[in-house]
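This report goes through the fold, the cores, the ligand shell and a few local features in turn. Keep the structure open alongside the text.

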Amino acid sequence: MSNKKLIGYKPLPYQKEVNDFFKELIKKDGGVKNKKKNSSHTVVVLSPRQCGKTLLIINQLLYYALNYSTTNMVISPTLSQSRRIYNEILKAIQKAIPHFIEKANENNLELWLSNRAAKPEDLIESKIWFKSDEQRQAIRGYSVSGLLCFDESSFISDETFDLAYPFCDWNKSSVLVCSTPRFKKGRFFELFMSGQTGDENITTFNWANYDLSTVRSSEKMEQLKATVPPQIYKSEYLGQFLDADSSVFNNIEACIDNNPPSIEDATALYCGLDFGSGQNKDNTVLSVLNQDKKQVVIYATNFLTPSQQILWLTEIFQKYSNKIKVVNAEKNSIGAVYISELKTKNKNIKIREVTTTQQSKRKWVEKLQLAFENEDIGILNDQDQLNELAFFEQKISKNGEVSYSACYGMNDDRTMALLLAYDAMSAPTGQYNISFY
Ligand SMILES: Nc1ncnc2c1ncn2[C@@H]1O[C@H](COP(=O)(O)OP(=O)(O)O)[C@@H](O)[C@H]1O
Ligand SMILES: [Mg+2]
């Protein structure tokens, strides 16, 4: 029985290499379930996005499940992704060989496959489980005799990896690990590196080394390079690993304005306001950009009392009230108290309360990264600001979440104010907005 006909899958050259490798592996092992084989083998596929990793996994799973009586599993980062794979596999089988479906449990995402009417010697009875990193607690006590797959494994926690890997121990069964690369840490990176440096139980395929112009033309790549944050372009489109905990903003130097325009000449002003947490600690910073995305001034203080700060800011706001389009003010913690007071004293100024979450921060950071990369912003040659920007870091938590903050011992108030000011330029200005995020 050939699974290729099954879902009209004609492997692309780089997919076929992996398919062929598995065929050879099975032959070398003396069959899928030959316990005498030496050890479990892992195949690692690194690839830019949208090149056909998931389709490869689907077909390789079907190859094992339909040709050999086996238990198989695929693990995705999220439940919705595993549901998508479940549905695709089910649809494919329903279309081509519906009699093979013994039972399909869409709640637990499990498939039982069998050609029950076949002669005993041809009888196949297989299972496929569809699991996700989100249901980590449900991944326990399974045994895989066919193939264990990880899809987008850079986004699957090491914990889940370590829970699932031993499912192959008993049968020394095979593992297929596919992903776009992310940071130089975590199981995907480790496996890929081990395979590249001679571990004979790991075979790596790097699709980034292939001609992928049928997936994305060179014009498309140019366009992506200009519009996608550099880190994402590098990992998801070039297929390269990123330095873990690396600095966030590149090309800062090229954006420094040594002859900055004056605030008096500006026709419009966009402000970002980050409140400090008290006297002599971090600063309260107001960063201001003009209509051309050029920074014109950074106001900072760390010695005024809260009520003095309100007066200080009010004075600035009123002086430029006819030019200020919007003030993005960070609402977190102390911000909320200040903002209501500021609003009362500056009814003619559009003050947007914004709440910083890791998610909103990421969005602002990506915008500013692009602005630096494309030299689409001018910043003042302010040493404190330049230091902060250079030491602004991204950190990756255990479960792969990216977060941004100043590196240990540094402030990030000037950076935050700049992020907010830059975001203010794309904020709607036609109406008063109380809260956006
Ligand atoms: N061999 C193939 N033949 C036809 N279409 C393919 C093939 N491989 C992948 N595709 C299509 O390309 C798109 C991306 O494939 P997918 O497996 O989702 O990529 P990835 O998981 O790498 O992001 C899908 O629409 C898929 O159907
Ligand atoms: Mg995919």
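## Conventions

Helices (H or I, at least four residues) and strands (E, at least two) are DSSP runs, numbered from the N terminus. The model is predicted: local features need pLDDT of at least 70, side-chain atom pairs count only at pLDDT 80 or more, and totals for chains, interfaces and linings use all residues. Residues are numbered from 1 along each chain as its sequence is written, while chains are lettered from A and ligands numbered from 1 in the order in which they are written.

## Overall layout

The chain has 13 helices and 17 strands. Its C-alpha trace spans about 90 × 40 × 40 Å along the principal axes. Domain bounds here come from an automatic or database domain assignment. That assignment gives domain 1 (3–216) and domain 2 (253–425). The C-alpha centres of domain 1 and domain 2 lie 47 Å apart.

Burial is counted with C-beta atoms placed from the backbone: a residue is buried if 20 or more others lie within 10 Å of its own, exposed if 12 or fewer, and partly exposed in between. Of the 437 residues in the chain, 39% are buried. Two residues are in contact if their C-beta atoms, placed from the backbone, lie within 7 Å. Take the contacts between residues at least 6 apart in sequence: 74% of them join residues at least 24 apart.

## Two nonpolar cores

A nonpolar core is a set of buried Ala, Val, Leu, Ile, Met, Phe, Trp, Tyr and Cys residues joined through C-beta atoms within 7 Å. The largest one holds 52 residues. Val45, Leu61, Leu148 and Cys149 touch the most other members. Helix α3 (residues 53–67) gives the most to this core, with 8 residues. Apart from it lies another core, of 45 residues, including Leu286, Leu313, Ile351 and Val354.

What does valine 45 contact, leaving aside its neighbours within four places in sequence? The partners are Val18, Lys53, Leu56, Cys178, Phe205 and Trp207.

## Around ligand 1

A residue is near a molecule if its C-beta atom, placed from the backbone, lies within 6 Å of it. Ligand 1 has 13 residues around it, and Gln50, Gly52, Lys53, Thr54 and Leu55 come nearest. Helix α3 gives the most to this shell, with 3 residues. By class, the shell has 5 nonpolar, 5 polar and 3 charged residues. Ala, Val, Leu, Ile, Met, Phe, Trp, Tyr, Cys and Pro count as nonpolar, Asp, Glu, Lys and Arg as charged, and the others, Gly among them, as polar.

Threonine 54 lies in helix α3. Threonine 54 counts as partly exposed because it has 19 C-beta neighbours inside 10 Å. Beyond its neighbours within four places in sequence, threonine 54 is in contact with Ile85 and Asp151. Lysine 35 is 19 residues from threonine 54 along the chain, and their C-alpha atoms are separated by 28 Å.

## Helix α13

Helix α13 (residues 413–425) has 13 residues. From first C-alpha to last it reaches 19 Å, close to the 18 Å expected at 1.5 Å a residue. That expected span is 1.5 Å times one less than the number of residues. Of its 13 residues, 13 are buried, so α13 is largely enclosed by the rest of the structure.

## Positive phi in two loops

Lysine 293 is not a glycine, yet has a positive phi of about 65 degrees. Its place is in the loop between β11 (284–290) and β12 (295–301). Lysine 293 is partly exposed, with 16 other C-beta atoms within 10 Å.

Glutamate 375, not a glycine either, has a positive phi of about 50 degrees. Glutamate 375 lies in the loop between α11 (358–373) and β15 (379–380). Is glutamate 375 buried or exposed? Glutamate 375 counts as exposed, since 10 C-beta neighbours lie inside 10 Å.
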